[in-house]
Amino acid sequence: MKHIIVCMKQVIDPETPLSLFKIDSETKKALPPRGTPPVLSPFDENALEAALKIKDTEEVSITVLSMGKKLSKAVVRSSLAVGADQLVLLEDPAFEDLESTQSAAVLASAIRKIGDFDLILCGIQAADTNAGQVGHGIARILGIPSVNIVRNVKFIEGGGKIEVERVLPDGYDIITVDAPALVTVSYEVGILREPGVEGFLAATKKPLTTWKAEDLEIDPAQFQKIEILKLYCPERTSQCEMIEGADIDAKAEGLVKILEKEKLI
């Protein structure tokens with residue numbers, strides 16, 4: 001049976017209006033409105049849907065891998081409800097505020113510990129940082145091929161190869177790579193299917209494993225945390241100037257002079 005690993009990140013709901021966020025000047029963090037629940041990154045949901053589409057047509061096992069601090073079990077278990085087979089959580093305070101290469105290193109260590117796999121699927125980027133670097137960082141560390149921005153992925157029957165459709169501005173490329181490989185999935189794959197009641201009931205019986213830094217033989221002291229020097233809401237000011245003139249032609253001429261002075265025309 002082929003094995004697919006899907007990397008999924010828990011994020012603040014990206015649909016939350018930016019105007020409702022507040023800045024904590026001491027912790028230098030953007031705080032969402034109280035009571036805003038976290039969600040799975042929509043880009044990573046595309047990756048899980050790609051894995052489930054493969055599972056619809058052939059026998060595969062799907063492991064969801066998620067890293068963070070104080071992960072919501074209700075949120076991450078939803079990946080099991082839609083059809084993933086097991087869930088591995090990397091939950092440790094040491095895993096917070098890591099930059100992309102360090103996040104990739106932790107995830108790669110966990111993937112090695114999970115064992116044999118044929119395909120790793122990631123979203124094209126995280127919905128909070130929008131960096132788009134972790135997926136290919138994992139592939140580099142593991143020494144496997146990677147393909148970016150893919151709208152369709154499948155195993156080629158009768159061989160250890162993977163065929164993908166990579167999105168281009170004017171169409172797509174069909175690329176074949178050796179398994180195991182890592183693929184970042186674009187939104188063209190489709191949104192994640194909704195779980196039914198039976199799915200939620202089945203999710204409670206599926207394996208959930210939690211690993212900390214020591215389980216991965218990682219020394220947190222080696223991490224260089226991201227240091228935010230300043231986080232603030234920009235101040236916006238507006239100024240209105242009335243243009244005087246005897247008639248509309250005079251006002252237009254006055255407007256042109258102001259625009260020329262400000263080097264706007």
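Reader: Which is strand S12, and how many of its residues are buried?

Author: Strand S12 comprises residues 181-185, and five of its five residues are buried, so that the strand is mostly covered in this predicted model.

Reader: How should one read the directions of the side chains in a strand?

Author: In a regular strand the side chains alternate between the two faces of the sheet. In S12, Ala181, Val183 and Val185 point one way, whereas Leu182 and Thr184 point the other way. Residues of both groups are buried.

Reader: Which strands pair with S12, and is the sense parallel or antiparallel?

Author: S8 pairs with S12 in the parallel sense, over five bridges. Within that pairing, Leu121 has Val183 of S12 as its bridge partner. S9 also pairs with S12 in the parallel sense, over three bridges. Here Ser146 has Leu182 of S12 as its bridge partner.

Reader: Where is Ser186 found, and is it buried or exposed?

Author: Ser186 belongs to the loop between S12 and helix H6 (197-203). Its relative accessible area is 2%, and a residue counts as buried under 20%, so Ser186 is buried.

Reader: With which residues is Ser186 in contact, leaving aside its neighbours within four places in sequence?

Author: The contacts of Ser186 beyond those neighbours are with Asn46, Ile124, Ile149, Val150 and Val167.

Reader: In which sense does strand S9 pair with strand S10?

Author: Strand S9 (residues 146-155) pairs with strand S10 (residues 161-168) in the antiparallel sense, over five bridges. Val153 stands opposite Val164 of S10.

Reader: How many residues lie between S10 and S11 in their hairpin?

Author: The hairpin of S10 and S11 has two residues between its strands. S11 covers residues 171-178, and its pairing with S10 is antiparallel, with eight bridges.

Reader: Let us turn to the helices. What span should helix H4 have, and what is the distance between its end C-alpha atoms?

Author: Helix H4 (residues 100-114) has 15 residues; at 1.5 Å a residue it should span 21 Å. Its end C-alpha atoms are 21 Å apart, so the two values agree.

Reader: Which residues of H4 are buried, and what covers them?

Author: The buried residues are Ser100, Gln102, Ser103, Ala104, Val106, Leu107, Ala108, Ala110 and Ile111. Their cover includes strands S1 (2-8), S6 (60-68), S7 (86-91), S8 (119-123) and S13 (208-211), together with helix H5 (134-142). Just after H4, Gly115 takes a positive phi of about 110°.

Reader: How does helix H7 begin, and which residue caps its N-terminal end?

Author: H7 runs over residues 248-261, and Asp247 caps its N-terminal end. A side-chain oxygen of Asp247 lies 3.2 Å from the backbone nitrogen of Asp249. The 14 residues of H7 reach 20 Å from the first C-alpha to the last, close to the expected 20 Å. Just after H7, Lys263 takes a positive phi of about 60°.

Reader: How is a pair of aromatic rings described, and how many such pairs does the structure hold?

Author: A pair of aromatic rings is described by the distance of the centres and the angle of the planes. This structure holds zero aromatic pairs.

Reader: Which residues lie over the face of a ring, and at what distance from its centre?

Author: Lys113 lies over the face of Trp211, at 5.2 Å from the ring centre. Arg151 lies over the face of Tyr172, at 3.7 Å from the ring centre.

Terms used: Residues are numbered from 1 along each chain as its sequence is written. This is a predicted model: local features need pLDDT of at least 70, side-chain atom pairs count only at pLDDT 80 or more; totals for chains, interfaces and linings use all residues. Side-chain values use heavy atoms; hydrogens and water are left out. Helices (H or I, at least four residues) and strands (E, at least two) are DSSP runs, numbered from the N terminus. The expected span of a helix is 1.5 Å times one less than its number of residues. Buried means under 20% relative accessible area, exposed over 50%, partly exposed in between (1.4 Å probe, protein chains only). Contact means heavy atoms within 4.5 Å. Rings of Phe, Tyr and Trp (its six-membered ring) pair if their centres lie within 6.5 Å; planes under 30 degrees apart count as stacked, over 60 as edge-to-face and the rest as tilted. A charge sits over a ring if NZ of Lys or CZ of Arg is within 6 Å of the ring centre and within 35 degrees of the ring normal. Two strands pair if DSSP finds at least two bridges between them. A polar contact is a pair of N or O atoms within 3.5 Å; within protein, one must be able to donate a hydrogen and the other to accept it, and residues adjacent in sequence count only if both atoms are side-chain atoms.
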